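Trainee: I'm new to this one. Can you walk me through how to read it?

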Amino acid sequence: MIHKVTRQKASHQVLAQLKAGISDGTFPVGEKLPSENILADAFGVSRVPVREALGVLEVSGIISSRQGGGHRVEQHSLLSKYEPLMMEIANRDEVEALLEMREVIEQQAAGMAAERRSAEELQAIEQAFTAFRDATLHEEQIGYQQDYLFHRAIMQASHNPFFVQILDNMHELYLGVLVYSLSKNRGRLAERQRVIEEHHQVLLAIKAGDPAAAIRCMQRHLSNVRGKLRRLENENME
């Protein structure tokens, strides 16, 4: 049964109820979920927290997007293991620490990639960027998977295997941040284009073999991500 939710932590409450409904069979495996509009009306919220919750379920593999719109419940088990993706209940200090770590590691990884990348690794970064750009410009996608693979390709090109290992070890929280942040860009073409351009500048610096520029461009990008998430957190607490 769906219950009305309060404004505070709305997407968390929507996500919790959707997970419970999937777990108890209210939303059976293989069946299509109600539309965003129907869910928003049932929960008593706007479509924004519904989209955020659906995004978390999708990245976890619990639901999948359907061609032409909507989502279908997939075969799943141990829903609780996806708890780190619930950005609305993630410890704020933990998320802040993650962003700090990203700034430290990914700036250096970008600079090292500019110095060390091979032709094949540059091609992989370029392909990852193209996939991210295309997904980000698609109205029905948010590009979180492509964003993840872009940053991972840079870490691989740094030739420091521990960077990639760190990324892979905390990929759930990392992906959760990406889903939460990028989902806010839906319907905001200028914002999506800005994010694309930030990634493009990082790519160009790596391609030019300019470590200082690569570090600077990555720092600018991650600083903007950090500022955006802080603003979103403040808005959710209002």
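Predicted model: local features only at pLDDT ≥ 70, side-chain atom pairs only at ≥ 80, totals over all residues.

Trainee: How many salt bridges does the structure hold?

Mentor: Ten. One of them pairs Arg194 with Glu191, their closest N and O atoms 2.5 Å apart. Arg194 also bridges to Glu198, at 2.1 Å between the closest N and O atoms.

Trainee: Where do Arg194 and Glu198 lie?

Mentor: An α-helix has 3.6 residues a turn, so residues three or four places apart point the same way. Here, Arg194 and Glu198 both lie in helix α9, four residues apart; helices are DSSP runs of H or I, at least four residues, numbered from the N terminus.

Trainee: Is Arg194 buried or partly exposed?

Mentor: Buried means under 20% relative accessible area, exposed over 50%, partly exposed in between (1.4 Å probe, protein chains only). Arg194 is partly exposed because its relative accessibility is 29%, whereas Glu198, at 9%, counts as buried.

Trainee: And which side chain does Asp147 join in a polar contact?

Mentor: A polar contact is a pair of N or O atoms within 3.5 Å; within protein, one must be able to donate a hydrogen and the other to accept it, and residues adjacent in sequence count only if both atoms are side-chain atoms. For Asp147, the partner is the side chain of His199, at 2.9 Å.

Notes: Residues numbered from 1 in each chain as written. Heavy atoms only, no water. Salt bridge = Lys/Arg side-chain N within 4 Å of Asp/Glu carboxyl O. Helix = DSSP H or I, 4+ residues; strand = E, 2+ residues; numbered from the N terminus.
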